Amino acid sequence: MKTFTVSLENRQTEIIIDKSAHFSGLKLNPENSLLVTDDTMCKSAAARSFTEAGITTVVLGSGERFKTLSSIETIAEAAVHKGLDRGAVIIGLGGGVICDMAAFAASVYMRGCGLILVPTSLLAMVDASIGGKSGVDFLERKNLIGSFYPAQKVLIYTDFLLTLSDDEFKSGLAELIKHGFLAGDELLRYIEENRAAITAREPDASIDAVYRSLRVKAEHIEKDFRETGIRAHLNLGHTFGHALETAAGLGKFTHGEAVAWGIYRAMKAGLILGITDLSYAERVETILRDYSYNIDFNDFDSELYLQAISSDKKKKDGKLRFILQHSAGNTEILPLDPAIVEEVIK
Ligand SMILES: NC(=O)c1ccc[n+]([C@@H]2O[C@H](COP(=O)([O-])OP(=O)(O)OC[C@H]3O[C@@H](n4cnc5c(N)ncnc54)[C@H](O)[C@@H]3O)[C@@H](O)[C@H]2O)c1
């Protein structure tokens, strides 16, 4: 078991990473707690243990299309019917969609109640459950309505990884590996040397890899909770990747696979600009290939791709800014000439 605390402005998040789920230590008041989960995870033994403890469960549809304001209304209605007060605790048990919605609901119910997250996908473990970003999609815009509201506790149990589909696992793994590129040589070496155990989801390797990766996210968000600077580095590969998700057709690539593809594009762009160390770019490429990411994909309409990338919301002064790297752990945000973008997506 590993534990640590993340401090975000005046809130502390206690993080516990262990193998098998256990909730008896939480000492929840069943009359003032609400479990939020989806129609996949509601069948898990973890969800059952909350029900057996007398905690009411709200079951939402699973997947991004249920990340809506109407799901938040469903949570709020259940909270009102149950008579939850300001001291209530909302528990989110699920992937990133459930974590984002449970957090948003907790941030607005009675202007803020207690929040515990139990992330069950790898993406939610290493990314969505910590950092306080909550929200829902609105008018086809991702995460348009939301808030910053860190959980009091994040309970990570790596046994959940055993039921996760290969695609979802690989999607989260890309974010875990991305933290290695941002952190530096030590974590990268760990990722290189422990590939077999990590991809086999071995318990000790899972705990260790999630812990090491989360520490990197924690460092970035503790320094820059509101994303005015270094937190943006966590978007390495994302601007390129989001446009791929759109141009290739939504659903063709998981989020993480698109991010891996995008990280490789960021390396190529850095090489053209002369800022990325060649041996580092080659190392990144080898890691992504070894972990079986499809970084050569180019079967999409490049016009559509360029259109998608130019509408990315992460613009500053009308210019798209990209996360580029000099070397492992040495990252910089720079605008890119559209001709370079066109060159690296070929
Ligand atoms: N708040 C943040 O900082 C942050 C960061 C990254 C991503 N996100 C958000 O996370 C969401 C994506 O998260 P996701 O990839 O976890 O998607 P998801 O929550 O839709 O989960 C993917 C699928 O896996 C299933 N699942 C989850 N855990 C499982 C398990 N242990 N066993 C079997 N099936 C399981 C879910 O039911 C779902 O069908 C997006 O909405 C994204 O915006 C938020």
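Met 110 counts as partly exposed because its relative accessibility is 37%, where partly exposed covers the range between buried (under 20% relative accessible area) and exposed (over 50%), with a 1.4 Å probe and protein chains only. The model is a predicted one, in which local features need pLDDT of at least 70 and side-chain atom pairs count only at pLDDT 80 or more, while totals for chains, interfaces and linings use all residues. Residues are numbered from 1 along each chain as its sequence is written, and side-chain values use heavy atoms, with hydrogens and water left out.

Met 110 sits in the loop between H3 and strand S6 (114-119); helices (H or I, at least four residues) and strands (E, at least two) are DSSP runs numbered from the N terminus. Its phi is near 55°, a positive value in a residue other than glycine. Glu 140 also has a positive phi, near 60°, and belongs to the loop between strand S7 (133-138) and S8. At 84% relative accessibility, Glu 140 is exposed. For context, most residues other than glycine have a negative phi.

Attention now turns to the ligand. Of the 24 residues around the ligand, Asp 38, Glu 64, Thr 120, Ser 121 and Thr 163 come nearest, a residue being near if one of its heavy atoms lies within 4 Å. This shell has 6 nonpolar, 9 polar and 9 charged residues; Ala, Val, Leu, Ile, Met, Phe, Trp, Tyr, Cys and Pro count as nonpolar, Asp, Glu, Lys and Arg as charged, and the others, Gly among them, as polar. H3, helix H4 (122-128) and strand S8 (141-148) each supply at least two residues of the shell. Polar contacts (pairs of N or O atoms within 3.5 Å) can be followed atom by atom. A backbone N or O atom of Phe 160 lies 2.9 Å from a ligand nitrogen atom.

Asp 100, in helix H3 (residues 96-108), is buried, with a relative accessible area of 11%. Beyond its neighbours within four places in sequence, Asp 100 is in contact (heavy atoms within 4.5 Å) with residues including Lys 67, Lys 133 and Asn 143.

Notes. A polar contact is a pair of N or O atoms within 3.5 Å; within protein, one must be able to donate a hydrogen and the other to accept it, and residues adjacent in sequence count only if both atoms are side-chain atoms.
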